[in-house]
Amino acid sequence: MRDGGRIQAAIEVLADIETRHRPVNDALKDWGLSHRFAGSGDRTAIGNLVHDALRHRASYAARLGAETPRALALAAYTLAWGKGVAGLEAALAEPHAPEPLSDTERAGLGADLAADLPVHVRGDFPEWLTASFERAFGDRAAEEGRRSPRARRSICASTRCAVRARRRSPISPTSVPSRRRCRRSACASRSARALRRCRMSRTSSPI
């Protein structure tokens with residue numbers, strides 16, 4: 001599938017979620033079962049597009065003046081995926097893609113989000129969390145709410161890589177906390193009797 005078909009599929013899934021009030025994963029699974037031609041990469045891309053559309057539902061609806069599945073999917077492809085209006089128009093020209101952009105949609109996708117919108121709309125979080133976000137982040141409440149979970153995951157992944165690199169560095173076993181010490185280092189620091197027990201535990205049991 002090309003991007004145009006993926007956008008159309010995301011619109012269909014979003015419409016199913018809206019009309020039948022279904023969990024997202026159930027709607028995505030049913031779409032995949034009824035469209036066997038879609039490969040794993042296609043299903044992953046469609047799922048990401050649907051989740052991005054729902055994650056930024058408030059701000060996307062404010063931009064386009066509509067909260068329809070089409071508006072959310074088009075905005076997610078343009079803004080969350082960073083394709084821009086030109087990239088979206090190229091995708092909509094492909095086979096099996098949705099209808100081309102209207103003048104209203106093109107203007108909404110190309111304009112900046114209005115600064116006078118409520119904080120929860122600009123930050124894409126529930127309205128009842130406004131007081132908590134403002135108490136925690138102050139003037140940065142909308143910015144922190146708008147931060148992509150994907151960016152947080154990439155930060156966490158880079159942190160895990162740094163931790164693994166530190167663990168692979170040549171460090172004395174005595175300088176590593178006992179809770180994080182590997183079994184081999186722990187055995188090396190124990191008595192000879194404990195080391196023999198450790199070696200015996202790794203041997204296969206007699207038949």
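At what angle do helix α5 and helix α6 pack, and how far apart are their axes? In this predicted model, helix α5 (residues 69–80) and helix α6 (residues 84–92) pack at an angle of about 130 degrees, and their axes lie 8 Å apart. That angle makes α5 oblique to α6. The briefing below begins with the chain as a whole, returns to this helix pair, and then turns to individual loop residues.

**The chain as a whole**

- The secondary structure comprises 13 helices and zero strands.
- Read from the N terminus, the elements therefore run α-α-α-α-α-α-α-α-α-α-α-α-α.
- The chain has 207 residues, and buried residues make up 33% of them.
- Among contacts with a separation of 6 or more, 55% are accounted for by residues 24 or more positions apart.

**The packing of α5 and α6**

- Two packed helices are described by the angle between their axes and by the distance between those axes.
- For α5 and α6, these values are about 130 degrees and 8 Å.
- The crossing of the two helices is right-handed.
- On the α5 side, the contact is made by Leu74, Tyr77 and Thr78.
- On the α6 side, the contributing residues are Gly84, Val85, Gly87, Leu88, Ala91 and Leu92.
- Sorted by class, the contact contains six nonpolar residues, three polar residues and no charged residues.

**Arginine 22, between α1 and α2**

- Arginine 22 is located in the loop that joins α1 (3–20) and α2 (24–34).
- Arginine 22 counts as buried because its relative accessibility is 17%, and buried means under 20%.
- The side chain of arginine 22 forms a polar contact of 2.5 Å with the side chain of aspartate 30.
- Leaving aside residues up to four places away in sequence, arginine 22 touches Asp16, Ile17, Ala27 and Asp30.

**Two loop residues with positive phi**

- Histidine 96 has a phi near 65 degrees, a positive value in a residue other than glycine.
- Histidine 96 belongs to the loop between α6 and α7 (103–110).
- With a relative accessibility of 71%, histidine 96 counts as exposed, since the cut-off for that class is over 50%.
- Aspartate 124 also is not a glycine, and its phi is positive at about 55 degrees.
- The loop between α8 (119–123) and α9 (130–137) holds aspartate 124.
- Aspartate 124 has a relative accessibility of 9% and therefore counts as buried.

Note on methods
Residues numbered from 1 in each chain as written. Predicted model: local features only at pLDDT ≥ 70, side-chain atom pairs only at ≥ 80, totals over all residues. Heavy atoms only, no water. Helix = DSSP H or I, 4+ residues; strand = E, 2+ residues; numbered from the N terminus. Buried < 20%, exposed > 50% of the residue type's maximum accessible area, 1.4 Å probe, protein only. Polar contact = N/O pair within 3.5 Å; in protein donor to acceptor, adjacent residues only side chain to side chain. Contact = heavy atoms within 4.5 Å. Axes fitted to C-alpha atoms, helices over the stretch in contact; angles between N-to-C directions. Parallel < 35°, antiparallel > 145°, perpendicular 65-115°, else oblique. Left-handed = near helix turned anticlockwise from the far one by under 90°. Nonpolar A, V, L, I, M, F, W, Y, C, P; charged D, E, K, R; others polar.
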